[in-house]
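Here are my notes for your review. Please read them with the model open.

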Amino acid sequence: MRLDKYIAACGSESRKDVKKLIKQGLVTVDGSVCKKAEAQVNEESVVCVSGKEIHYRKFVYLMMNKPSGYVSAVYDKKYPVVTDLVGEEYAHFEVFPVGRLDIDTEGLLILTNDGQLAHEVTSPKKNVYKRYFARVDRPMDENDVKAFKQGMEFKEFTAKPALLEITENPCEVYIEIAEGKFHQVKRMCERTGKNVIYLKRVSIGGLKLDDSLDLGEVRELSAEELGLLQKYDNSH
């Protein structure tokens with residue numbers, strides 16, 4: 001692996017900043033100063049920046065408070081994508097969104113370059129429930145709670161039993177689903193005669209959205225948060 005890519009993968013420096021550090025002679029490989037960004041190193045190499053040893057990491061896990069107007073993808077011809085909001089220091093990881101949120105839906109979105117974790121979190125077999133806050137145009141009632149609890153049959157898929165929790169305002173509810181199909185929450189609400197006018201995902205499995213994150217902000221998951229995300233089976 002190239003030295004500049006290795007260093008960038010170890011911390012929060014961008015590839016551009018890393019190249020400056022290398023040119024300034026602040027990087028050593030196995031005890032010797034190395035001024036070539038393209039020099040090859042591996043995971044066994046001892047790399048130091050400004051005298052401090054750094055450690056390579058293969059994967060990165062990011063939490064985003066997704067704003068409306070962004071597509072959950074790495075590329076789109078028409079709309080801005082969520083990866084546009086990810087800082088340059090993570091560019092070399094080539095992260096992608098885990099699952100999707102509709103373009104007008106806000107809230108918790110995980111981005112990573114760990115394909116295995118993405119598969120585990122999004123696979124319906126794993127029963128990773130996603131929790132949403134929804135505002136609807138008509139009051140919800142106990143009949144709607146029962147309808148969600150029974151699951152729903154759609155043309156292309158069957159929605160597993162879902163949890164509908166009505167707040168003090170019957171037009172504001174929390175909904176938990178196991179799948180996350182295209183427009184699923186909206187379609188389930190429509191089945192009960194209500195239209196969703198605002199939707200925000202607040203948790204995935206045991207992982208909750210950090211309330212201190214502003215819309216569009218991104219930060220790395222802590223080890224504890226990653227552990228919560230990896231507890232896949234959250235069946236009800």
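1. Is Arg219 buried, partly exposed or exposed? Arg219 counts as partly exposed, at 24% relative accessibility. Keep in mind that this is a predicted model.

2. Arg219 has salt-bridge partners. With Asp210, the closest N and O atoms are 2.9 Å apart. With Glu225, the closest N and O atoms are 2.7 Å apart. Glu225 counts as buried, at 15% relative accessibility. Elsewhere, shared partners join Asp102, Asp104 and Lys186 into one salt-bridge network. The whole structure has 12 salt bridges.

3. Look also at Asp4 and Arg2. Their side chains form a salt bridge, 3.1 Å from N to O. Asp4 is buried at 0% relative accessible area. Arg2 is partly exposed at 32%.

4. Helix 2 spans residues 15–23, and its Val18, Leu21 and Ile22 are buried. These residues lie on the same side of helix 2, because they cover an arc of only 100 degrees around the axis. Lys16 and Lys23, on the other side, are exposed. The cover over the buried residues includes helix 1, strand 1 and strand 3. Gly25 follows helix 2, with a positive phi near 75 degrees.

5. The largest nonpolar core holds 33 residues. Phe148, Ile175, Met188 and Cys189 have the most contacts inside it. Elements giving two or more residues to this core include strand 5, helix 4, helix 5 and strand 13. Another core, of 17 residues, lies apart from it; Leu3, Ile7, Leu21 and Ala37 are among its members.

6. Leaving out residues up to four places away in sequence, its contacts include Tyr132, Phe148, Leu163, Val185 and Cys189. Lys130 and Arg131 also touch Ile175.

Note on methods
Residues numbered from 1 in each chain as written. Predicted model: local features only at pLDDT ≥ 70, side-chain atom pairs only at ≥ 80, totals over all residues. Heavy atoms only, no water. Buried < 20%, exposed > 50% of the residue type's maximum accessible area, 1.4 Å probe, protein only. Helix = DSSP H or I, 4+ residues; strand = E, 2+ residues; numbered from the N terminus. Arc of directions from axis to C-beta. Contact = heavy atoms within 4.5 Å. Core = buried A, V, L, I, M, F, W, Y, C linked by side-chain atoms within 4.5 Å. Salt bridge = Lys/Arg side-chain N within 4 Å of Asp/Glu carboxyl O.
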